[in-house]
Amino acid sequence: MFTRLFRLGAACVAACHLTAAAASAAGPEFTVTELGQGSPVLLVVGGIQGDEPGGFSAAALLATRYRFSQGTLRIVPNLNFPAIIQRSRGPHGDMNRKFAALSPKDPEYATVRRIQALITEPDVDLILNLHDGSGFYRPTRESATRNPDRWGQSVIIDQTECPGLRFGQLEELAIGVASDANRHVLEADHVLHVKNTRTGEGDAEMAKSLTWFALNHGKAAFGLEVSKDFGVAKRAYYHLNMIESFLNRTGVRFERDFPLTPEGITRALGSDVYVGFVNNRVVLPLDNARPLQAGSLPLPRGAENAIDSSMPIVAVTSRKNLLQVHYGNNTVTAFRPDWLDTDDGIDSVRVEVDGQPREVRFGDMLHAAKSFRVDPIPGYRVNAIGADKGRDESNITLRRRDFMPRYSVDKAGTTFRVEVYKDTLYAGTFMVRFGAPSVSVTTPLPPTLPAVRGKESTLGW
């Protein structure tokens with residue numbers, strides 16, 4: 001059997017394509033995914049600080065694994081994409097301190113102005129800014145990590161209310177959201193509280209933030225903070241619990257396709273993650289990918305600047321003679337590009353898989369229990385990477401033992417590239433994965449996640 005790697009709807013693919021974001025001087029730009037229709041309109045922002053993977057992971061799931069039947073979600077999962085890749089608070093300073101005044105010479109000037117324009121769109125009703133914060137916020141001091149100066153496990157408001165705004169009863173709504181989320185805490189000590197920064201009473205730092213900018217432009221805005229004491233799945237779990245409470249309380253109707261548990265989130269973040277080039281004629285799966293791909297991948301020049309992906313927090317950057325693929329702050333794999341001109345004369349090939357004929361499109365993942373054979377293609381040749389059976393490897397039955405393991409795409413040595421050429425022109429690639437496709441919910445948790453451990457700021461908000 002075979003499966004098509006790309007399963008997203010057209011609207012989401014278009015949004016992900018903007019990640020194109022391979023490597024301009026300023027780094028990848030943020031993307032916007034819009035889902036649903038009608039009122040209310042909520043803007044959800046993740047990744048304003050790159051060392052806070054819970055926020056950008058939750059936003060990425062919201063953009064890819066949720067559907068909305070009432071209300072509109074505009075989702076920016078990767079606001080500060082360079083900071084996400086570097087796992088830093090910000091390569092050019094803290095972006096969440098640039099919303100009051102900013103020099104046009106600041107490297108992030110265009111990014112801040114662009115998100116400000118989204119915030120001030122007339123139809124936007126409410127903004128959620130997702131953060132991971134240090135420790136556990138408590139209204140009174142309990143310990144060094146649980147006190148009023150900490151930020152984790154809190155719903156942040158800048159003031160009690162904003163009369164005249166839709167959803168302007170900030171404290172009332174925040175208390176309701178915290179109460180909803182607290183019914184789903186994994187341990188009693190994870191309880192959430194509402195933290196009012198009282199920004200307008202003289203907090204100069206908070207007056208530079210995204211939410212204060214939003215409030216001063218007539219938009220209800222909240223910060224959501226989960227504790228950095230948790231791993232990425234638990235962080236995303238608490239973020240999504242708070243987000244879903246906001247959705248329910250503002251009248252947004254939704255559904256998701258995974259269970260809202262840390263395990264369900266781990267599978268949702270780690271399954272079917274890939275990056276596509278050349279209009280998806282070559283698709284590289286990222287689950288359990290080798291850190292460095294053997295050989296080179298054929299690409300036309302500029303292909304790294306127009307990528308598609310299943311997740312909007314995937315980006316490609318260049319370093320020396322390699323292209324690096326990032327999933328959040330996890331540099332998943334790298335490869336050496338072989339810059340070639342392309343041929344688009346064919347989109348698919350005929351393949352006999354375990355004795356059964358199949359039409360396989362470029363970009364597909366083909367599952368072969370035992371063997372496969374590509375039918376001859378007039379004017380074209382087949383190169384099964386790692387098989388070494390001649391210049392044209394069509395019309396040859398190939399088994400897993402015919403491939404050198406070091407040429408596999410994945411660490412398990414099960415997945416290999418099959419490339420098609422017309423003379424020296426590159427036509428496309430499909431993947432072959434040996435062994436039955438895994439569909440059991442009891443399979444091991446995926447090893448590829450959008451975050452790796454590293455230093456995180458102890459600051460909040």
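Tutor: Helices here are DSSP runs of H or I with at least four residues, and strands are runs of E with at least two, numbered from the N terminus. By that definition the protein chain of this predicted model has eight helices and 26 strands.

Student: How much of the protein chain counts as buried?

Tutor: Buried means under 20% relative accessible area, and 59% of the 461 residues count as such. The accessible surface comes to about 18,500 Å², with 49% of it belonging to carbon and sulfur atoms. Of the contacts with a separation of 6 or more, 71% are between residues 24 or more positions apart.

Student: Why is α7 called roughly perpendicular to α8?

Tutor: Angles of 65 to 115 degrees count as roughly perpendicular. The axes of α7 (residues 232–250) and α8 (residues 262–270) cross at roughly 105° and come within 9 Å. The angle falls in that range, so α7 is roughly perpendicular to α8. The contact involves Ala233, Lys234, Ala236, Tyr237 and Leu240 of α7, and Pro262, Ile265 and Thr266 of α8.

Student: What makes β14 and β16 edge strands?

Tutor: Their sheet is open, with four strands in the order β14-β18-β17-β16 and mixed pairing. β14 (292–299) and β16 (314–319) each pair on one side only, and these are the edge strands. On average, neighbouring strands of this sheet are turned by 35° against each other, direction ignored.

Student: How do you know that β14 and β18 pair?

Tutor: Two strands pair if DSSP finds at least two bridges between them. β14 and β18 (residues 330–339) have five bridges, in the parallel sense, and therefore meet the criterion. Leu292 stands opposite Ala334 in β18.

Student: Why do β20 and β24 stand at the edges of their sheet?

Tutor: That open sheet has four strands in the order β20-β19-β22-β24, with antiparallel pairing. β20 (356–361) and β24 (398–399) each have a single partner strand, so one side of each lacks a neighbour in the sheet. For β24, two bridges join it to β22 (residues 371–374) in antiparallel fashion. With at least two bridges required, β22 and β24 therefore count as a pair. Phe372 has Leu398 in β24 as its bridge partner.

Student: Why is Glu205 called partly exposed?

Tutor: Partly exposed lies between the buried limit of 20% and the exposed limit of 50%. Glu205 has a relative accessible area of 38%, so it belongs there. Glu205 sits in the loop between β9 (193–196) and α6 (210–215).

Student: Which peptide bond is cis?

Tutor: The bond joining Ser39 and Pro40 is cis, with omega about 0°. Pro40 is in the loop between β2 (33–37) and β3 (41–45).

Definitions and conventions. Residues numbered from 1 in each chain as written. Predicted model: local features only at pLDDT ≥ 70, side-chain atom pairs only at ≥ 80, totals over all residues. Heavy atoms only, no water. Axes fitted to C-alpha atoms, helices over the stretch in contact; angles between N-to-C directions. Buried < 20%, exposed > 50% of the residue type's maximum accessible area, 1.4 Å probe, protein only. Contact = heavy atoms within 4.5 Å. Areas by Shrake-Rupley, 256 points an atom, 1.4 Å probe, with all protein chains shown as cover. Parallel < 35°, antiparallel > 145°, perpendicular 65-115°, else oblique.
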